[in-house]
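This briefing goes through selected features of the structure shown below, grouped by topic. It begins with strand pairing and then turns to a helix, a pocket and one of the chains.

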Amino acid sequence: MSTDFKDYYATLGVSREASPDEIKKSFRRLARKHHPDVAKDKASAEEKFKEINEAYEVLGDPEKRRKYDTLGAGWQDAGGFGGAPPPDFGGFPGGGQAREFNFGGTGFSDFFERYFGGASRYGFPEGGFGGGRHARGSDIEGDILVTLEEAMHGGLREISLRSTDPRSGKVETHTFQVRIPPGVTDGKRIRVPGQGEAGRNGGEPGDLYLRVRHAAHPDFTTDGADVFYELPLAPWEAVLGAEVPVPTLDGLIKLRIPAGSENGQQLRVRGRGLPKGKSGARGDFHAVLQIQTPGSITTEERELWEKLRSVSRFHPRAQR
Amino acid sequence: MNDPLPIHDPGDGGTYSLEVAARITGLSSETIVHYQEGGLLGPSRTDAPIDDESLRTLRRIGHLRDAVGVNEPGIRLILELARELETLRDQMRAGF
């Protein structure tokens, strides 16, 4: 299974010089368009959504983007993924002929797994054992991309783990399903017993640890079971108060904005976050108020703002 | 469901008795308690039940000790550095 080079810039439709803000905006636009809950053709949308997320995982992170840019430039000369990775691209120091593992179905491409997963995904290296002694196989680690909808309702994911023996070159692929429990939080590890490296000389196999990564959502971010949403407001909505529709993981709700709300203020809606285990309890939903100003204004609007300037007793710098 | 693929259910926040943890990790119960009380499983885990995260750390400790030949102060240092690295990577991932 060779992995073609993926042009993450093309996936997100941005130039190689794009600013972090441009990348974020483009991701949000595309993720909203191809979100499986919104698109008509769910199967192809899900595939596209994962591609967009994968590209954002790399380009949205300055360090990963730097590595990707460095490696991407000499890609054609690198000879594919058969060779050894560059010295600073993971692999735990200490040597040993490490068996290579590649994942399928986790939502990250082989490329991502191989070079950005970091040292820990290979567990600790083989080696150090004397021959003939039975030994348990190493644990294997990888990341798994979980959408917030999966984190909300749980689900089954098909994972394939392909391992290559460094001595014989023999390739084995093992496919199985892993249940994603509802309420699984970002950073949590799912332990899959016995799905790590095979044991040696009759030893037991190691375990597979899948570290959950919440797929970046166009609207929401998470912290544990709490869900956060940046809610754009007009200045008068913040000053006068308003009732505005707000999307949540359960659909639209009406949120009352109190008069005199401030920029960055958080309004909490209890129990509208992700589930907390099997207890039935849920985290909270937080709307983070983002007061925005109009980009361009009409003559009539200008007159009204000017009138406000002359009559307003509000002097934001007076109390300093 | 007719799907022939085996399904692995990770359970939900399960914890393990010392005996089960010993069997899974290949370490003795006394050794596990020693590492736990010594804070090697993490500063907040000295008297917490053993969960999947603790099992993972115990497996790493066992591997460092037996396969790589690192002593306890060395293991402590490696685990602290690994945790710090993970935290920094998470912060980097979230900080854009």
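In chain A, three strands form an open sheet in the order β2-β6-β5, and their pairing is mixed. The edges of this sheet are β2 (140–146) and β5 (189–192) of chain A, each of which pairs on one side only, and from one strand to the next the twist averages 30°. The model is a predicted one, and the points below should be read with that in mind.

**Strand pairing in chain A**

- Strands of a sheet can pair either parallel or antiparallel, in both cases through backbone hydrogen bonds.
- The parallel case is seen where β2(A) is joined by seven bridges to strand β6 of chain A, which covers residues 208–214.
- Within that pairing, A:Ile140 has A:Leu208 in β6(A) as its bridge partner.
- The antiparallel case is seen between strand β9 (residues 242–248) and strand β10 (residues 251–257) of chain A, which pair over seven bridges.
- A hairpin of two residues leads from β9(A) to β10(A), and in β10(A) the residue A:Arg256 is the bridge partner of A:Glu243.

**Helix α3 of chain A**

- Helix α3 of chain A runs over residues 42–59, a total of 18 residues, and its first and last C-alpha atoms are 25 Å apart, which is close to the 26 Å expected at 1.5 Å a residue.
- The buried residues of α3(A) include A:Ala45, A:Phe49 and A:Ile52, and also A:Asn53, A:Glu54, A:Ala55, A:Tyr56, A:Glu57, A:Val58 and A:Leu59.

**The second largest pocket**

- Rolling a probe the size of a water molecule over the atoms shows where empty space is left.
- The second largest pocket has a volume of about 620 Å³, and its lining is made up of 13 residues, of which A:Val239, A:Trp305, A:Leu308, A:Ser312 and A:Phe314 lie nearest its centre.
- Two elements of chain A, α7 (235–240) and α8 (299–311), are those that give two or more residues to this lining, and α7(A) gives the most, with four residues.
- By residue type, the lining of the second largest pocket divides into seven nonpolar, four polar and two charged residues.

**Chain B**

- Chain B contains four helices and one strand, which follow the pattern β-α-α-α-α when read along the sequence.
- Of the 96 residues of chain B, 36% count as buried, where buried stands for a relative accessible area under 20%.

Conventions
Residues numbered from 1 in each chain as written. Chains lettered and ligands numbered in written order. Predicted model: local features only at pLDDT ≥ 70, side-chain atom pairs only at ≥ 80, totals over all residues. Heavy atoms only, no water. Pairing = 2+ DSSP bridges. Axes fitted to C-alpha atoms, helices over the stretch in contact; angles between N-to-C directions. Expected span 1.5 Å × (residues − 1). Buried < 20%, exposed > 50% of the residue type's maximum accessible area, 1.4 Å probe, protein only. 1 Å grid on protein atoms, 1.4 Å probe; cavity = no way out; pocket = protein on both sides within 12 Å on 5 of 7 lines; lining within 4 Å. Points joined across faces, edges and corners; volume = space filled by probe spheres on them. Nonpolar A, V, L, I, M, F, W, Y, C, P; charged D, E, K, R; others polar.
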